Amino acid sequence: MAKEEEWWTSPQESESGKVILVTGRKDVEKFKNNPKFSIRVEISWRYDGLPDGMPDYETSVMMEQVTDALSVTFAKDPVAVMTGVFTGDGERDWVFYTLSTHIFGRKLNEALSELPLLPIEISCENDPEWLAYDEMCEAEIHAGD
């Protein structure tokens, strides 16, 4: 991921009672204030978790390689910004806001080209007000409650 100070992490509880680590990006204002970045893209990787719902070591290492590859690729060509990473209860989700699903798909393929075929699913939705991002940020605000 980007510089450490740009991110926060907060443990949350899933509906099944397992811990989900929510990691959110802080420095998104230039993207959030740009009306072109209105499409929310979620990349999901479901895995067989350990009893606590977290990935095993081998899977977590591969997930970090994916995170690093995505970060490097989109830092070079900021057609999308990674805003959150959710890990736990048998799933890892990377969340982005982008200006084009077509360009995002090309960059995603470029980022993952050196890695083995991954069991990921991709979904998109229009979120011009960044409501999902704001909801994720509530996790950080309420973490101390």
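Predicted model: local features only at pLDDT ≥ 70, side-chain atom pairs only at ≥ 80, totals over all residues.
Strand S4, which spans residues 80–88, is mostly covered, with eight of its nine residues buried. Strand S2 (residues 19–25) pairs with S4 in the antiparallel sense through five bridges. Within this pairing, Gly84 of S4 is found opposite Gly24. S4 is also joined to strand S5 (residues 91–98), again in an antiparallel arrangement, by eight bridges; here Met82 faces Phe96 of S5 as its opposite residue.

Two or more lining residues come from each of S2, strand S3 (39–46), S4, S5 and helix H4 (131–141). The greatest contribution is that of H4, which supplies five residues. Classified by type, the lining of the largest pocket contains eight nonpolar, seven charged and four polar residues.

With regard to the cysteines, Cys137 is buried, having a relative accessibility of 14%, whereas Cys124 is partly exposed, with a relative accessible area of 45%. A disulfide is a covalent bond between the sulfur atoms of two cysteines. A search of the whole structure identified zero disulfides.

Key: Residues numbered from 1 in each chain as written. Heavy atoms only, no water. Disulfide = S-S within 2.5 Å. Buried < 20%, exposed > 50% of the residue type's maximum accessible area, 1.4 Å probe, protein only. Helix = DSSP H or I, 4+ residues; strand = E, 2+ residues; numbered from the N terminus. Pairing = 2+ DSSP bridges. Nonpolar A, V, L, I, M, F, W, Y, C, P; charged D, E, K, R; others polar.
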